[in-house]
Amino acid sequence: DDIAEPNIGHDDGRKFTPLLCSFFFFILVAALLGLLPFSATSTGNLAVTMGLALVSFAAQQYAGISKYGVAGHFRNLIPPGLPAWLLPIMIPVEVLSMFTKPFALMIRLFANMTGGHLAVLTLMGLIFLFGAMNPTVGWLSSPVAVGLAVFIMIIESFVALLQAYIFTTLSIIFIHAS
């Protein structure tokens with residue numbers, strides 16, 4: 001209520017709160033489950049983040065159409081007072097911007113969830129790389145690599161919370177802008 005309603009409005013905020021809470025808790029739980037040993041986060045899969053972005057896109061379109069009607073929603077793509085000679089340029093740009101919002105949500109979530117896991121895998125892979133060069137160096141580098149990997153896992157738990165919040169907040173902003 002403190003995030004959705006002030007940004008979208010009381011009526012629309014109440015209408016979209018269940019969806020936005022679902023976004024937040026799904027992303028948070030999925031990302032935290034990915035931190036368990038021998039597991040992976042579903043938000044590190046591009047298909048899952050695309051599904052979340054498509055639902056957000058549908059909510060954006062629904063918000064705009066329910067507020068202005070179909071014709072009014074698409075009429076809002078054209079800024080008022082725009083000279084007619086700019087219409088052939090602005091209409092494709094505005095339609096493209098409609099699709100870049102969910103694409104940005106998808107890529108942002110996917111890249112942030114995948115990046116932390118790649119950092120942990122890289123650090124753990126250094127043990128084997130150093131071990132292949134010299135077994136003693138491999139054993140000596142193990143505590144450092146494991147310590148850094150644990151540190152990154154702690155940071156990833158914060159990133160999980162942050163990414164859930166960012167995805168939800170950007171969805172709120174995009175729904176309000178529709």
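Thr49 is found in helix α3, which spans residues 46-75; helices here are DSSP runs of H or I with at least four residues, numbered from the N terminus. The structure is a predicted model, in which local features need pLDDT of at least 70 and side-chain atom pairs count only at pLDDT 80 or more, while totals for chains, interfaces and linings use all residues. Residues are numbered from 1 along each chain as its sequence is written, and side-chain values use heavy atoms, with hydrogens and water left out.

- Thr49 counts as buried because its relative accessibility is 0%; buried means under 20% relative accessible area, with a 1.4 Å probe and protein chains only.
- Apart from neighbours within four places in sequence, Thr49 is in contact with Thr43, Met106, Leu109 and Phe110, where contact means heavy atoms within 4.5 Å.

**Thr41 in the loop between α2 and α3**

- The loop between α2 and α3 holds Thr41, which is buried at 7% relative accessibility.
- The side chains of Thr41 and Thr43 are joined by a polar contact of 2.8 Å. A polar contact is a pair of N or O atoms within 3.5 Å; within protein, one must be able to donate a hydrogen and the other to accept it, and residues adjacent in sequence count only if both atoms are side-chain atoms.
- Not counting residues up to four places away in sequence, Thr41 touches Ala30, Ala31, Gly34, Met113 and His117.

**Val120 in helix α4**

- Helix α4 covers residues 87-133 and includes Val120, a buried residue with a relative accessible area of 13%.
- Val120 and Ile152 are 32 residues apart along the chain, and their C-alpha atoms are separated by 6.7 Å.
- With neighbours within four places in sequence left aside, Val120 is in contact with Ala149, Ile152, Met153 and Glu156.

**Packing of α2 and α5**

- Helix α2 (residues 10-33) packs against helix α5 (residues 135-177) at an angle of about 155°, and their axes are 8 Å apart. Axes are lines fitted to C-alpha atoms over the stretch in contact, and angles run from 0 to 180 degrees between N-to-C directions.
- The two helices, α2 and α5, are therefore roughly antiparallel to each other, a term for angles over 145 degrees.
- Residues making the contact include Phe16, Leu20 and Phe23 of α2, and Ser157, Ala160 and Leu161 of α5.
- The residues of this contact between α2 and α5 comprise 15 nonpolar, four polar and no charged. Ala, Val, Leu, Ile, Met, Phe, Trp, Tyr, Cys and Pro count as nonpolar, Asp, Glu, Lys and Arg as charged, and the others, Gly among them, as polar.

Technical notes: Buried < 20%, exposed > 50% of the residue type's maximum accessible area, 1.4 Å probe, protein only. Parallel < 35°, antiparallel > 145°, perpendicular 65-115°, else oblique.
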